[in-house]
Amino acid sequence: MANQKCKGCRDLLAEDMAKFRQIEGVFRECCSRWGYQEIRTPTLEYLHLFTSAGTLTPERLNRVYSFLDWDGWSGERVVLRPDGTIPTARLYVDNLGQQKLARLYYVENIFSFEEKEEQSRERWQCGAELIGSSQPLADAGLIMLGWQVLQGLKLSDIQVCLSHAGLLRALVAELGLEPGQQDELIGHLLEGDFKALTELKPGKPGLERALSLLLELRGRSHGFLKNMRVVLAPSLPGLLPSLDNFLNVTEMLTTLGCRYSIDIASGKGFEYYTGVMFQFQVGDCFVGGGGRYDSLLPLVGGGLQPASGLALYMDQLMRLIERAPVSEQRVLLRTEGDPSKVTKACFELAERLHQAGYLAQLDLGDTETNYDWVVLIRAASPNYILRRTGRRKSWKLASVGEVIRMVREQCS
Amino acid sequence: MKFALPKGRLMAATARLLEAAGLGLADFKENSRSYRLTSQRFPGLSAKVFQEKDIPVQVSLGHYDLGICGSDWVTELLVRYPDMALERVLDLGYGQGSLYAVASPDSGLSRIDDLRADGRAWRIVSEYPNLAESLALKLRLRRFKVFPVWGAVEAYLPECADLALVTGNTRQIADYGLVPLYPMAPTAACLVANRNSWECKDMGELLSALASVSAPIEDDSVPGSAVVRTIVSVPTAPSLVRLALPDGHQKKPTAELLAKAGFAIPGYTETTGAGIDLTGVMIKVIRPQDMPLQVANGNFDLAITGQDWLRDHLCRFPASPVKEILELGFGRVRIVAVVVQEWPADDLAGLRRYLSQAGLPWLRVASEYTNIADKFARDNHLSPYRVVPTWGASEAFLPEDADLLVENTQTGQTLAQHKLKIIDTLFTSSACLIGSNRMPSEPAQAARMEAIIQTLRQTLS
């Protein structure tokens, strides 16, 4: 029987990994320039980190990989990390709690059960978390960071879609539901299911109109939110703090030249979101998202600390980007004659070529056309015969230095 | 067409239903040793008898087209695996009752929402671990621990658990001195079908026969749990010694040993009059399968179980603090690996040879001892294999639903009657007293434990 990989798991081949590293490289570079520092959280975390109301919804918790550890006789379950933000919040509380401001980034895999075999149960994401600032500038900065990474990957047709979890919560609060029902409804909304909300027939004057305005209309500038504010303020003052916060962020994005759309009903996100939420799209493909989560840190044992974050989805991005052309010259090293006399020379040449920035490889039956150069290393003089792949002309050379010089001259 | 039928609480009522429907499955009755049945009326119909809990799994896997079991076990499976190919197609009208989340009156809980308000780590004990976890998630409990057990659920309240899932009705539960907090699932018997069979096979004749039974089926099923099992209960004190005694097959020899040692435990030993002073000892009767985990968790200090269940626990949790203190000698069985007699293998080497030629996609290893079976298959390089957990009546699984069985046997006669043969003996097991590596913190507790151990040791010597 052939070995088979687990359902919903994916092998990353060399081509995939080249793209993976390319995304990772651009992401790291952008984050580092903005002062973010790299971290990595463990793959295993305790389940209870994710079970509080305000962390993950029951729908998401039903899809986590949880199990008893080898020493789990106490019944304490562990999970394969189902999310990047909550473990980062835990890491901050455990290790960096004294630091008022933390800019952290990571490249990590997350695990979630998916029923369909073609859906991946292990997904990679690039995440950035900004802990300690409640300023709209922090939200705008994160959105621009994501935008910058996508541009750095040379993607076009990038769109940002904005919503606001605080606004959704304020809207649900106006419905006067029981706390349990309220949590359940917010859970549905954050799973992208707005059916339950649109089907509600609120008795409160103005609320039905507000629901229709907020959920059915789309905006393309902060003017949209200003218009909403004017209309909704008299009857629903409870929405104003969130609307004003939303306005502040969108005004900044407008100033920064970021093109965005506002769609309250696009508010798919995590239960821990409390403020602005955003999604990045390239064409029709969702490639990332994020939002503000000011209430999460107390739920994982920390103090009240504002925070926001973003994640870019590696798997989707790997499908969209073009692999960067390989710029380095590739040299195939072939020996001729008594191995005891030429092997050492071959390795010396390889080392010098590596130091000079070339990719040099021993010929173990490789296909010559995969290389730019072939060097024949001989015991007898001339010790090195250099040839461009596919060409007849060759150079007879006496030393390693001459080989490197010739390759360099021919490439320049 | 294949039909999975239940042992246990639903067996008598199901037998009456099948008889009324004229299915001609005459051997389906209590105390019958026959697990495989054929119908005199429907030549294409065969049936097999399982523990109720196994039936939804077997039907959803497509091993059986139809099955009868309690709705509670269907819900238990589907709450965790909602896309399993299992459909409830007919309510059968007997086995009525509900599975309730219950608490002890001492807990101070009166409504299920009281749990939300408290951030403590809630301990939920249940034979239905999937439903227990789903309840905890639904309630958004910040911390919770689910202890899956084989039975005697109510015995754990309130000292060893905060919440238990118990079958019965609200009056019965109140009679047991427990507080019903939340109805989890009905327990009534239902007919279940494999979705693919339902979509593709014509089962009309059999379904008509079952549906034609108009008279109500006499319902003598009793709830699976809700028997008060706390025998001696004293207020919790640091010096209290908590002793777990087994129910089931091990009860009689355990009671005899305790009586011989001079213990008089009302409702357990038949001894009358005063025995050894048991002041400061809390005794509960629970399933031997559950004892090692309970001792590991510190819920009990001492327990009388089988070496087989201790070994199963240690295979799952190698660093567990549970240890054997005393071999008690009774209840001696061999834990063996078993295949059908037709297989050309008499030992493990022969099995490996056969497997390399047989072209099985994987070896299906059925056992109640899932952790021992898993380790056995792993250590003996029987890959690829899958462990099929069973809840009893395991010999019925071979050959249709499993290839190899890890089972206990005293004489091997029952295995031979089912045309099975032993190819390896894993170890011999007898009853034993277990405890924890952790030293008791209270000298009075340590002295009480030592007194019990020494009394039993002297009785055995």
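Predicted model: local features only at pLDDT ≥ 70, side-chain atom pairs only at ≥ 80, totals over all residues.

Biologist: How is the overall form of chain B to be read, and what is its radius of gyration?

Modeller: Chain B comprises 15 helices and 22 strands. Its radius of gyration is 23 Å, close to the 23 Å that the globule rule gives for 461 residues, so chain B is as compact as a globular protein of that length. Along the principal axes, the C-alpha atoms of chain B fill a box of roughly 70 × 55 × 45 Å. As for sequence separation, 73% of the contacts in chain B between residues at least 6 apart join residues at least 24 apart.

Biologist: Why is strand β15 of chain B described as largely enclosed?

Modeller: One inspects the burial of each residue and then of each face. Five of the five residues of β15(B), which spans residues 302-306, are buried, so the strand is largely enclosed by the rest of the structure. L302(B), I304(B) and G306(B) are buried on one side, while A303(B) and T305(B) are buried on the other.

Biologist: Which strands pair with β15(B), and in which sense, parallel or antiparallel?

Modeller: Pairing is read from the bridges and the relative direction of the strands. Strand β13(B), residues 241-246, pairs with β15(B) in the parallel sense over two bridges, and A244(B) stands opposite A303(B). Strand β22(B), residues 431-436, runs antiparallel to β15(B) and is joined to it by five bridges; there, C432(B) is the bridge partner of T305(B).

Biologist: How many residues has the largest nonpolar core, and which have the most contacts inside it?

Modeller: The largest has 157 residues, and V102(B), A136(B), A164(B) and L165(B) have the most contacts inside it. Helix α4 of chain A, residues 136-152, gives the most to this core, with eight residues. Another core, of 64 residues, lies apart from it and includes W73(B) and V387(B).

Biologist: Finally, how many residues of each chain are in contact across the interface?

Modeller: An interface is read by counting and then by class. Here 16 residues of chain A contact 19 residues of chain B. The chain A side has six nonpolar, six polar and four charged residues.

Key:
Residues numbered from 1 in each chain as written. Chains lettered and ligands numbered in written order. Contact = placed C-beta atoms within 7 Å. Nonpolar A, V, L, I, M, F, W, Y, C, P; charged D, E, K, R; others polar. Buried ≥ 20, exposed ≤ 12 C-beta atoms within 10 Å, placed from the backbone. Helix = DSSP H or I, 4+ residues; strand = E, 2+ residues; numbered from the N terminus. Pairing = 2+ DSSP bridges. Core = buried A, V, L, I, M, F, W, Y, C linked by C-beta atoms within 7 Å. Rg over C-alpha atoms; globule rule 2.2 N^0.38 Å.
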